[in-house]
Amino acid sequence: MDFISLIAPYAQKIAKQYNILASLIIAQAIHESNWGKSKLAIEGNNLFGIKGSYEGQSIVLKTLEVNKGEKVYVDAHFRKYPSWYESMEDLARLYKNGVSWDRNKYQSIIGENDYKKAAKAVQAAGYATDPNYANKVVTVIESNELAKYDRQTESYLLHNHTPGYLTAADAKNNKNATGTVESGEYYIYKNNSGMLNLSSKAYAPGSWINPNFKGTSEIVHIVKAGDTLTKIAATHQTTVKKLQQLNKIKDVNVLSIGQKLIVAKESQYYTVKSGDTVSNIAKSFKTTVQQIKLFNQLQDVNKIYPGQKLRVK
């Protein structure tokens, strides 16, 4: 897994630039370099056994060749790269540009979104002589869940405890809740008609929520190192006394890291009127522009419209 974590960011960068699946590149690197442990990968940063030189640099290794039907070991020059990134990008350039006698040799790989089809396209183009090459690459992808690197994730900051649903349709209609999604930061697994599937684990399904849910709910603060009731009260525009009442706290000096404190019992919303600005609304409700931006996931605080409902508390 350390090898995957090292090369995955490279593969995703290359995937975006060359429109080639990151999972395919990672799987080929694992399969051909033995998880980065081959002599060529260690001494030449060459993950794919590409021969020749790279910017004048090469490494000589003995390799098994078949000459007139006989297997013999010969010295061969392989490209030596500054890092694994250049090795991976070199492979991507091969797929994109082909070879001098056939520039379209690997074009079926470019833009292919199905890793199984992409692996078969690599083999069909003659990249490898092993008849099971595609199957081996697919096995590496599936056994290491590499397809997750083909998806991009966004995070979502959920301020309220919100009902969680099994389907996007139920979330939209606020019915058949299966539980509660607690306030916190989550990964967006899917977005369907404005309903979000939030998960605490990247690339994994979670619960559907309606981000426009306006029901009464608790707002919770998770105590961190250095927190005090005074500091928490100031952050959430409330008072120490109210925090004591909501959480039945007797000693204001006793808090524990990870403790969940209710800072408000319900949210407050404001309907935007003509001429309103987020700055003026924030002043009216004694909050901040940044807080309103976070509450409502606003991309641009200057783009609000009459009739829009904004959470302000």
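A: Begin with what an axis is: a line fitted to C-alpha atoms, for helices over the stretch in contact, with angles running from 0 to 180 degrees between N-to-C directions. The model shown here is predicted.

Q: How is the packing of two helices described?

A: Two packed helices are described by the angle between their axes and the distance between the axes. In this model, α2 and α5 pack at an angle of about 55 degrees, and their axes are 9 Å apart.

Q: Which residues make the contact between α2 and α5?

A: From α2 come S23, L24 and Q28, which meet Y115, A118, A119 and V122 of α5. By type, the residues of this contact are five nonpolar, two polar and no charged.

Q: How does the span of α2 compare with the one expected at 1.5 Å a residue?

A: Helix α2 covers residues 22-33, twelve residues in total. From its first C-alpha to its last it reaches 16 Å, close to the expected 16 Å. After α2 comes N34, with a positive phi near 55 degrees.

Q: How many residues of α2 are buried?

A: Buried means under 20% relative accessible area. Ten of the twelve residues of α2 are buried, so the helix is largely enclosed by the rest of the structure. Among the buried residues are L24, I25, I26 and I30, and also Q28 and S33. The buried residues of α2 pack against α1 (2-18), α3 (39-44), α4 (84-97), α5 (115-124) and α6 (133-143).

Q: Is D90 buried or exposed?

A: D90, in helix α4, counts as buried because its relative accessibility is 8%. Apart from neighbours within four places in sequence, D90 is in contact with Y54, R79 and Y81.

Q: What does G184 count as, by its relative accessibility?

A: G184 belongs to strand β6 (residues 184-192). With 23% relative accessibility, G184 counts as partly exposed.

Q: Which residues are in contact with G184, leaving aside its neighbours within four places in sequence?

A: They are Y156, L157 and L158. L158 and G184 are 26 residues apart in sequence, while their C-alpha atoms are 5.1 Å apart in space.

Methods: Residues numbered from 1 in each chain as written. Predicted model: local features only at pLDDT ≥ 70, side-chain atom pairs only at ≥ 80, totals over all residues. Heavy atoms only, no water. Helix = DSSP H or I, 4+ residues; strand = E, 2+ residues; numbered from the N terminus. Expected span 1.5 Å × (residues − 1). Buried < 20%, exposed > 50% of the residue type's maximum accessible area, 1.4 Å probe, protein only. Contact = heavy atoms within 4.5 Å. Nonpolar A, V, L, I, M, F, W, Y, C, P; charged D, E, K, R; others polar.
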